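These are my notebook entries on a structure that I looked up.

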Amino acid sequence: MTTIRREVLTLPAAPLGPDNPLPPLRPLDEAHRIDARDRAALPREMARQVRYAPLRSLLPAPVRDGYGRVREPREFDALVLENDRLRATVLPALGGRVTSLFHKPTDRELLYVNPVLQPANFALNGAWFSGGIEWNIGATGHTTLSCSPVHAARVPAPDGGEMLRLWEWERLRDLPFQVDLWLPEGSDFLRVGVRIRNPHERPVPTYWWSNIAVPEDRRVLAPADEAWLFGYERRLRRVPVPSYDGADRTYPRNSAYAADWFYEVPDGRRRWIAALDAHGHGLVQTSTDVLRGRKLFVWGTGPGGRRWQEWLTEPGTGGYCEIQAGLARTQLEHVKLEAESEVSWLEAYGPLDADPEGEWHGVLSGAEDRLDAALPRAEVDAAYREWLRHADAEPGERLAAGSGWGALEVLRTGWKLPGTPFDEATLGDEQRPWLHLLHAGSLPEPDHHAPPGGTLVARPWRDMLETAAATPAAEYHLGVAQWHEGDRAQAVRSWERGLDRATARWPLLRCLAVADREDGHDERAADRYAEAFDDLCARARGGADDSSGTAGAPGTGEAGDLPQAAAGADGATWTAATAALGGEAIGALLAVGRTADARSVWERLPPAVRARGRFRLTEAALLAAEGRRERARAVFDEGFEVADLREGDEVIGRLWAALGDEPLPARYDFRMRPDGD
């Protein structure tokens with residue numbers, strides 16, 4: 001039976017750093033959206049789910065962009081599940097990622113195991129890392145919980161042994177979920193029971209994809225003759241499987257560019273996907289029928305795909321692809337979860353030995369026969385029914401703690417969620433102002449004029465903000481909640497009211513600047529950004545009441561180097577605020593040709609911020625705008641790495657092209673689509 005133990009896993013890792021303290025007010029720039037030309041040809045159900053409640057905003061989740069690319073050995077708490085045949089390693093502090101699934105009889109690792117932990121800008125809110133099995137809930141894309149802790153505990157398993165339960169509160173859709181993992185005695189398959197609950201009195205859009213990283217020198221098998229192909233040119237088309245455009249695309253290395261292949265598994269067919277090496281060894285994932293979708297993601301063999309592979313790991317460690325399973329046909333869709341209901345299913349992961357070579361249907365038939373012999377479909381269905389009887393079992397020994405957001409929602413609503421307790425003991429500093437609002441009806445002002453912290457935007461919290469005392473902090477958060485709900489005029493009025501009485505003006509000015517940019521008032525936005533940055537520098541150095549005489553001087557900034565008011569707050573948070581607001585301000589000022597003002601902001605950024613790769617790129621753009629093209633080109637020649645470069649973002653290539661006609665150097669080539677698309 002399953003045993004569960006604690007271990008410490010040491011990896012070269014880049015620190016996550018602080019979250020971005022500015023609320024994400026701009027529309028979500030998500031790569032997984034369909035070109036309008038392709039929507040008319042979609043099946044009716046798919047078209048309906050593509051249109052249903054696409055995510056427009058990251059709120060209330062923060063942007064996580066504080067990481068870098070300097071890796072040092074770091075210890076991570078790991079939970080290891082083991083029986084006599086399999087060993088699974090889970091990292092509860094990083095979204096419950098299964099980083100390894102090792103088959104002991106054959107001495108083989110079944111997953112792609114990343115030898116480093118390097119955050120990159122692939123999650124909906126930023127920080128994400130590659131490798132292992134990840135649990136994606138929320139909305140189209142990698143979950144905001146990719147690099148966040150989840151709750152973990154021991155729970156009785158259906159076979160009388162132990163399960164590892166992971167659970168958390170997903171904030172984009174306000175839904176609790178759980179993932180139960182166990183290994184029956186003598187089994188070659190890891191069982192995974194998943195449940196998403198909707199405790200609300202209204203339907204809620206939901207989303208789930210289990211993403212499994214495997215080495216890319218594989219052939220990927222799924223029971224389908226067609227797939228929906230989606231690339232970074234944002235086109236979706238129905239194509240044949242396995243061969244398309246002159247090549248067998250079930251071999252990941254036969255694709256030149258990054259792409260998603262969503263397999264059209266026929267109704268009634270068993271749901272499974274496998275990745276086998278040239279010798280026929282590999283991993284298979286199967287599930288009950290609710291988890292209907294199957295997908296292959298490839299990076300491609302082009303220079304951009306190769307560069308991303310190196311970027312996410314160590315050069316020379318071998319590439320990977322992903323095989324995936326989800327609630328819908330594609331990752332472009334959301335599924336309606338009815339009021340006060342739930343959706344659940346069972347997945348199984350284990351080794352598969354089958355011949356990967358030959359005619360497609362013969363290969364599928366052989367692999368399916370091997371899967372049926374190793375783990376019959378009826379056995380998966382029976383295991384699911386048995387697991388459901390244990391899904392409400394109360395956790396025993398707590399093995400890891402997640403966030404306090406679920407506890408806050410349970411306190412607000414009184415919801416009973418058997419099996420996934422969100423205890424008051426998990427409430428922390430992030431929840432404290434909102435707990436005060438819930439109990440006292442008012443929102444406290446931040447200490448020492450510190451950055452205001454995150455905003456809760458769900459309608460019940462907005463209602464509380466509307467009846468709270470109209471302090472600058474309350475007006476700020478109310479405006480963010482109104483903006484999130486699409487009530488932009490009211491949001492602007494709330495921010496303007498708060499500005500009239502605020503001592504620290506920069507958070508409100510920044511919100512108003514974003515509103516101006518969204519409405520096309522670029523000059524006024526630039527004015528407000530410049531004023532906001534001036535005010536932030538004053539606050540960080542102690543403000544107008546600082547008797548030391550340093551107020552208004554150029555900002556210094558790193559943690560430990562911030563005097564007066566900033567010293568009373570978290571220095572890293574002030575540095576993050578300075579970097580985030582400074583970057584936005586420079587962009588807004590350059591957009592209206594105010595290069596001298598942009599230069600003024602640049603020069604007041606802390607030296608350590610200016611040295612970051614993102615700001616080296618900003619420096620090159622500023623130099624180019626000033627007409628100093630040779631100096632801008634020298635920034636490229638000196639070298640930089642933009643740690644938080646977004647997948648699909650071509651900003652580096654565009655700036656390089658504006659500086660000359662030479663080909664883009666390989667170190668800067670992250671293009672994920674063919675030229676001209």
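**Entry 1: Arg628 and its partner.** I looked up Arg628 and noted that it is partly exposed, with a relative accessible area of 41%. The model is a predicted one. Arg628 forms a salt bridge with Glu626, and the closest N and O atoms are 3.1 Å apart. Glu626 has a relative accessibility of 27%, so it also counts as partly exposed.

**Entry 2: Other salt bridges.** I searched the whole structure and found 66 salt bridges. One of them joins the side chains of Asp260 and Lys295 at 3.0 Å, N to O. Asp260 belongs to strand S20 and Lys295 to strand S23, 35 residues apart, and the pair thus links distant parts of the chain. Are these two residues buried or exposed? Asp260 counts as buried because its relative accessibility is 2%, under the 20% cut-off. Lys295, at 3%, counts as buried as well. I also recorded a network of salt bridges that links Arg459, Arg462, Asp463, Glu466, Glu485 and Asp487.

**Entry 3: The sheet.** I traced an open sheet of nine strands, in the order S15-S21-S22-S26-S12-S11-S10-S9-S27, with antiparallel pairing. I then examined S11 and S12, which run antiparallel and are joined by six bridges. Gln178 has Arg195 in S12 as its bridge partner.

**Entry 4: Arg195 again.** The side chain of Arg195 meets that of Glu342 in a salt bridge of 3.6 Å, N to O. Arg195 lies in strand S12 and Glu342 in strand S26, so the pair ties together parts that are 147 residues apart in sequence. Arg195 counts as buried at 4% relative accessibility, whereas Glu342 counts as partly exposed at 39%.

**Entry 5: Helices across the sheet.** Helix H4 (residues 360–374) lies across S15, S21, S22 and S26, and runs at about 70° to S15. Helix H5 lies across S10, S11, S12, S22 and S26, and runs at about 135° to S26. Which residues of H5 are buried? They are Val380, Ala383, Tyr384 and Trp387. These residues cover an arc of only 105° around the axis, which puts them on the same side of H5. Ala378 and Arg385, on the other side of H5, are exposed.

Technical notes
Residues are numbered from 1 along each chain as its sequence is written. This is a predicted model: local features need pLDDT of at least 70, side-chain atom pairs count only at pLDDT 80 or more; totals for chains, interfaces and linings use all residues. Side-chain values use heavy atoms; hydrogens and water are left out. Buried means under 20% relative accessible area, exposed over 50%, partly exposed in between (1.4 Å probe, protein chains only). Helices (H or I, at least four residues) and strands (E, at least two) are DSSP runs, numbered from the N terminus. The arc is that of the directions from the helix axis to the C-beta atoms. Two strands pair if DSSP finds at least two bridges between them. Contact means heavy atoms within 4.5 Å. Axes are lines fitted to C-alpha atoms, for helices over the stretch in contact, and angles run from 0 to 180 degrees between N-to-C directions. A salt bridge is a side-chain nitrogen of Lys or Arg within 4 Å of a carboxyl oxygen of Asp or Glu.
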